[in-house]
Every structure is written in C-alpha cells, then in structure tokens.
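Hi,

Here is the structure I said I would pass on. Have a look at it first, and then read on for what turned up.

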Amino acid sequence: MTISSEPLLQVENLVKHFSAADTGSFFQKQKNVVHAVDGISFNLYKGETLGLVGESGCGKSTAGRTILQLYRPTSGSVLFDGVDLVHLPPIELRKFRRRMQMIFQDPYASLNPRMTVGEIISDPLMVYQDTKTRNEVNERISMLLDLVKLNPAYVNRYPHEFSGGQRQRIGIARALALQPELIVCDEPISALDVSIQAQIVNLLVELQKQFNLTYLFISHDLSMVRHICDRVAVMYLGVIVEIANKNEFYHNPLHPYTRALLSAVNIPDPFIEEKRRRTILKGEIPSPIDPPSGCRFHTRCPIAQPKCAESQPELRELSPDHFVACFLAEIQDAAPRL
C-alpha cells in the first residue's frame, strides 16, 4: 500500500461551536458558546492513517463528525478531493457521503436493535440504490460479513445476539458497504475488551491494505495509535498543538502537552520504566465555554511564560513535517521517549 503525495482531505481553520445554556439574571442573559473545535487545520493523504489524540473532551469526536458534515461547521473549510463540502447544497453533498463513512465508538448504541444484521448492512445499499436485485444485495452482504470475519449465516440475527467485538465488526461491514475512500474511526476500540481490541485494529489494517482506505483514527490509546497510524495529531481544548510522523512523534515530542501524554504511557520493560521521567499536569482542563487567553495549555503547562497567556502560538514547522504550536518548543529538556 502506498500513500499518495496529494491530500485526499484538507481541513482548514475548521471551527465548530455549540450554543450552551444561558447564564445571568432574568434581565441580563449571557449567551454561552462551547468552543468544541476552534480552528484546526491538517491534511490527510490517500492511503494514510492519521491519528487524532488527546484527553476526553478535547474535541476529537466533534472534529470527526464535523469533517463528515454530520455537524455543519461554524466556519472553515473541508476539502474532499478538492471540493469544499462546507458550502455544498444537500443534493450535491449526498454524492460525497458515500465516499466518506464512519465507524462509531459504541457498538451497542450504533446498531438499530430492531434491525437484523442483513438489514443494517444493506441499508446504505438501499438508500443509494447501489444494487439492482435482491440477489445482488444478499451477495454483497455475504461478502461484507466474510470480509470482517463473521459467518454469513448470521445475516438474520439481531444485534443483541452478538458480543461487543462482533457488533463492531458489523459496524465496520456497514461502513464498507458503499466502498468508501475515507473512514473516520471514532475510538472504535475504546468500548471493547482488551483481548478484542487488537483483533479489531488488525482487521482495520488488513482492510486498509486490501482496499487502499484512508483513515482518520480518533483515539486516546497512544499505544494502539503507534501500531496503526502513519502520522499523529494532538488536540487540546479544541485546537491542534502538534502534528508529526509516527517515529518523530514518539521519539522527539516537542509540545509540553504531548510530552505529558507520552510520559503516562506504560512501557512493558521494568528497567526503562524505572528510569523514565513523568510529567504530572496540575489543575483541571479549562471549560470550553470560557477557554483561557493565549495558549490554551498555559494554565497547566510546567514551562509557561507570561507571553503564553497573551497570544496564541501558531503551528510552525520545526523539522520536516513536524509542526508544533508552542513558543518554547526549542528550549525544553530532553523529551521522554517510547
């Protein structure tokens, strides 16, 4: 499998805000806005897997859903194969939806309990009229179940008859039904047993090689991200603070937040684990309703300076294909290594 030099997906200054409950007195109501995604930019190349990581609540899943236009952006652009999806009318956008699919986090909630496996997988085919006869539909369903390593005889069973891992395989089969080019994997293994997680990730790798798929892999499991991803982007409170290829990310992290995340990952080697330095972040993540001024991370950063509270650092390229949003990235001590 080769990674194209041309981006399949270009995200530029993507913003998604949500209205929150008003506060204040009856006569002076104050409108509150949740800054879920606050101006992120990155490229995703055909055949590549980009990991999007960060703490819970940082905006990873919202970013994925906004890219697929499940949430309409507040501002910014999402170019898929050179076409800006944000400004497309619904009829035109529908043509692109079949080329972009999503694997949801919760295999229990993402499958309709009233539908059989066959109905769940065939639903996209019916909506897009991708098959002409019932025999063609049945053949496609059997092929998809076989691809995700499920017995085609399960076609008339209901979701409650399957384990979590099997349900996620059904979700993957549904995502593959229309032969998409881009799949957003929204924490597809976080709700599964540890013994099943590796099986699902290995299945995703096999399918990517077979169909040259492009993945946006959203996760908080840095060990699994290292296994499956080619590049990694780190989000904190709605913004991207670092993007790098996998080897550079894990061996030379530059942003203080990235270093703190990596220092929390356990290494199965007691000698290395004993010598590692850990970065313990103090305080709580600020509210996305009222994010701090300047650098979003400065309220918890162990090396913050006064200027960090005054202006927000832009992503800048400090080494080839390694971008970081930090004023002090060049002057830190040796980075924690994995």
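In what follows, a contact means heavy atoms within 4.5 Å. One thing to keep in mind throughout: this is a predicted model.

With that cut-off, let's start with a helix pair. V117, G118, I121, S122, L125 and M126 of α3 meet R134, V137, R140, I141, L144 and L145 of α4. Sorted by class, this contact has eight nonpolar, two polar and two charged residues. As for the geometry, α3 covers residues 117-127 and α4 residues 134-147, and the two pack at an angle of about 115° with their axes 10 Å apart. Their crossing is right-handed.

Next, the sheet. It is open and has eight strands, in the order β6-β7-β8-β3-β9-β10-β12-β11, with mixed pairing. Which strands stand at the edges? Those are β6 (100-103) and β11 (316-319); each has a single partner strand, so one side of each is left without a neighbour in the sheet. From one strand to the next, the twist averages 25°.

I243 has F323 in β12 as its bridge partner.

- α5 (residues 164-176) touches β6 and β7 (182-186), and its direction makes about 175° with that of β6.
- α6 (residues 194-211) touches β3 (49-53), β6, β7 and β8 (214-218), and the direction of α6 makes about 160° with that of β8.

So much for the details; now the chain as a whole. Its secondary structure comes to 10 helices and 12 strands. The radius of gyration is 21 Å, close to the 20 Å that the globule rule gives for 338 residues, so the chain is as compact as a globular protein of that length.

How much of the chain counts as buried? The figure is 49% of the 338 residues. Finally, if you take the contacts in the chain with a separation of 6 or more, 66% of them are between residues 24 or more positions apart.

Cheers

Notes. Residues are numbered from 1 along each chain as its sequence is written. This is a predicted model: local features need pLDDT of at least 70, side-chain atom pairs count only at pLDDT 80 or more; totals for chains, interfaces and linings use all residues. Side-chain values use heavy atoms; hydrogens and water are left out. Axes are lines fitted to C-alpha atoms, for helices over the stretch in contact, and angles run from 0 to 180 degrees between N-to-C directions. Helices (H or I, at least four residues) and strands (E, at least two) are DSSP runs, numbered from the N terminus. A crossing is left-handed if the near helix is turned anticlockwise from the far one by less than a right angle, and right-handed if clockwise. Ala, Val, Leu, Ile, Met, Phe, Trp, Tyr, Cys and Pro count as nonpolar, Asp, Glu, Lys and Arg as charged, and the others, Gly among them, as polar. Two strands pair if DSSP finds at least two bridges between them. The radius of gyration is taken over C-alpha atoms; the globule rule is 2.2 Å times the number of residues to the power 0.38. Buried means under 20% relative accessible area, exposed over 50%, partly exposed in between (1.4 Å probe, protein chains only).
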